[in-house]
Amino acid sequence: MKRLSILLISLLALNSCKEDKSKSLLQEKPSDSKQDNREINTFTFPDTVFINTMVKGVIEYNRNFGNTNDSKIKERYIFFHVGTDQNYENLEIEEFDRFPNRLAFEDTIGNGLIQFETVFTKSGLNYLHGVVKDIYIIETSQIEDSI
């Protein structure tokens, strides 16, 4: 009887700890190995959280994304807007005002690594919505007031 219960507990532990690799938050690397085609390099966030408790996460944004040379950029601001709800649909940045606990975090160091926090207010299946807003001002050759 003791062996049977140990075997049953072992089987339950092995089956409950399987990682579902079919769902990925990040796209796979392109086949031609061009890393600069991806905007988000890494995303770290726990899969289980407590309600009404701040949860920490980290997102690494690819600062080299796009066709703009860094030497031409005069000023740059990278923000990560985050909100939570029970709706699974993707949202545009303009729709983030509807989140009561919406927060925005800035890449203050300039390396693309943004540490953020968010809170879930309802139990059950919840979704984390996030948008990276990359704003940069490009130097102009002769016209001083142009962006």
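## A polar contact at T84

A polar contact here is a pair of N or O atoms within 3.5 Å, where one must be able to donate a hydrogen and the other to accept it. Keep that cut-off in mind for T84, in this predicted model: a polar atom of the T84 side chain sits 2.8 Å from the backbone oxygen of V119.

T84 belongs to strand β3. Is T84 buried or exposed? It counts as buried, because its relative accessibility is 14% and the cut-off for buried is under 20%. Beyond its neighbours within four places in sequence, T84 touches F99, T118, V119, F120, Y127 and L128.

## The chain at a glance

The chain has one helix and six strands.

Of the 147 residues, 20% count as buried. As for contacts with a separation of 6 or more, 64% of them link residues 24 or more positions apart.

## The nonpolar core

In soluble globular proteins, nonpolar side chains tend to be buried together. Which residues make up the largest nonpolar core here? There are eight: I59, Y61, I78, F80, V82, F105, I114 and F116. Strands β2 (55-61), β3 (73-85) and β5 (113-118) each give two or more residues to this core, with β3 supplying the largest share, three residues.

Leaving out neighbours within four places in sequence, I59 is in contact with I40, T42, F43, F80, G112, L113, I114, F116 and V132.

## R76, a buried arginine

Strand β3 also holds R76. R76 counts as buried because its relative accessibility is 17%, under the 20% cut-off.

What does the R76 side chain pair up with? It makes a polar contact with the side chain of D134, at 2.5 Å.

Rolling a probe the size of a water molecule over the atoms shows where empty space is left. The second largest pocket comes out at a volume of about 180 Å³.

Its lining brings us back to T84, which is joined there by D85, Q86, R98, F99, P100, N101, F120, T121, K122 and N126. By type, the lining splits into three nonpolar, five polar and three charged residues. F99 and F120 are among the lining residues, and both also turn up in the contact list of T84.

Terms used:
Residues numbered from 1 in each chain as written. Predicted model: local features only at pLDDT ≥ 70, side-chain atom pairs only at ≥ 80, totals over all residues. Heavy atoms only, no water. Core = buried A, V, L, I, M, F, W, Y, C linked by side-chain atoms within 4.5 Å. Buried < 20%, exposed > 50% of the residue type's maximum accessible area, 1.4 Å probe, protein only. Helix = DSSP H or I, 4+ residues; strand = E, 2+ residues; numbered from the N terminus. Contact = heavy atoms within 4.5 Å. 1 Å grid on protein atoms, 1.4 Å probe; cavity = no way out; pocket = protein on both sides within 12 Å on 5 of 7 lines; lining within 4 Å. Points joined across faces, edges and corners; volume = space filled by probe spheres on them. Nonpolar A, V, L, I, M, F, W, Y, C, P; charged D, E, K, R; others polar.
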